[in-house]
Amino acid sequence: MMPGKRQAKRKASMLRTIGMVIFRILAIGVWIFALLIFVGGLSTDFLTCTIIALIIAFVGWMLWVVGDMIHDPEKIRAEQRAARAAKDPSIVLDEDNEHERKRAANGHWDGRANPGHAQPNDEASPALVGVEVEDGEALASARRETGQSSALSRTISLSPIIIPPKTLSVSATRETETVSGSYPATIYVYDPRPILKLKEGRAEKISVVTRPITLKSRLNGRQWRSGVDDGYAVEYKGKPFGVLFNHIAVIHIRAILESDAKNVELVAMRQGWYQTGVPEIYVMVPTLEEAKESETGNASLKEYEQRQAYGADVVAATAIFRVSENNWNGPRIPDEGFIAFEATVEQLPVPEGSQAKPHFALKSGGVLLSEITARSTAAYFASEPLVGKRLKILVSRYYTSLTIEAYEI
């Protein structure tokens, strides 16, 4: 470096130092002023003085930062580049010193190790061969692009898309399968109009509804929704009218549909009237043993056996409802199978003056398993008749909620 340039640089450095000292003195003065305001606020208006003191202290900090920027702007820029590189891994920091940057700009290399770059050679840096480098920034840019392309070649590896064997095999699927059995299960009629012309005592075919539908009871106005509520909806000549809730039949139908059957039919029979205008309908479904015989080796067998162990293989549940998993305080319910509890339902007292409906508490051994409010309409109406009864409940997982099956002991 020439003497004149060295002297000019030394003079500029001295001016930066003087500027830094001035700004730091200002910052310290501002902080002392903020401290005095804060102390004064202890005997007057503490909150207002504290806020003013914080604002003034922030101004002092900014003055201190400005002093640092004046003294060493290159350091500030390096810190900013490092912060950007920490957020974006693709940014490569150029850490060459002044001597190396100038030699690189002139196409020279002094052979010294540089932590920022590997020593160039024709094999390691083919993208730089034949490139005329005008300055250090261009060199750094070229190296960044080379580094990015090599990183992509390391991380992206093409591989064939493997089709699972199941999709390669073609198997004959049954269009329609009829459920048969010796157990008469009740169909809960929501809309009696499609079945008013069924002749009493005559067997008729009805179908299981697999499409999403909603049924509304003409007796009490309650709704049943597929995919949300238990059971399967059934239809007669394409018109849905009721729901089958029998556990064994529901599991059996699910197993048939999972084995690729397109349609499932049931044999139904009308026997009198449930009440005026509402026929009483039964369907013949398999018992536990009959279902086992027709589904040997099926995954449903495990569920059948668990139900049999719990004594819930034939007896219909007193009530079935669901609660949110967030509203469950008992042990974690497994993804498959059941956990059985002996439980009671208690009506919780309503706070004095409140117009809200009372909550119901599902308890087991004094532990609150779930608190049911009127917001959960189906669970609320199902649990209300259970108050004061001794129950055995089976709890199973249903997506993000839990199914409660209550059996009166």
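These legends describe views of a predicted model of one protein chain. Local features need pLDDT of at least 70 and side-chain atom pairs pLDDT 80 or more, while totals for chains, interfaces and linings use all residues. Residues are numbered from 1 along each chain as its sequence is written, and side-chain values use heavy atoms, without hydrogens and water.

**View 1. The protein chain.** The chain has 10 helices and 15 strands (DSSP runs, H or I of at least four residues for helices and E of at least two for strands, numbered from the N terminus). Of its 409 residues, 31% are buried (under 20% relative accessible area, 1.4 Å probe, protein chains only).

**View 2. A nonpolar surface patch.** I28, W31, I32, L36, L47, I51, I55, F58, V59, W61 and M62 together have about 1100 Å² of accessible area (Shrake-Rupley method, 1.4 Å probe, only the protein chains shown counting as cover). Helix α2 gives the largest share, seven residues. I32 lies in helix α1.

**View 3. The largest nonpolar core.** This core (buried Ala, Val, Leu, Ile, Met, Phe, Trp, Tyr and Cys joined through side-chain atoms within 4.5 Å) holds 25 residues, and I206, F241, L244, I253, L266, I281 and V283 touch the most other members. Elements giving two or more residues include β3 (203-208), α7 (247-258) and β8 (263-275). Another core, of 22 residues, lies apart from it and includes F360 and L391.

Technical notes:
Patch = residues over 30% accessible without salt bridge, like charges linked within 9 Å, V, L, I, M, F, W, Y side chains within 5 Å. Salt bridge = Lys/Arg side-chain N within 4 Å of Asp/Glu carboxyl O. Buried < 20%, exposed > 50% of the residue type's maximum accessible area, 1.4 Å probe, protein only.
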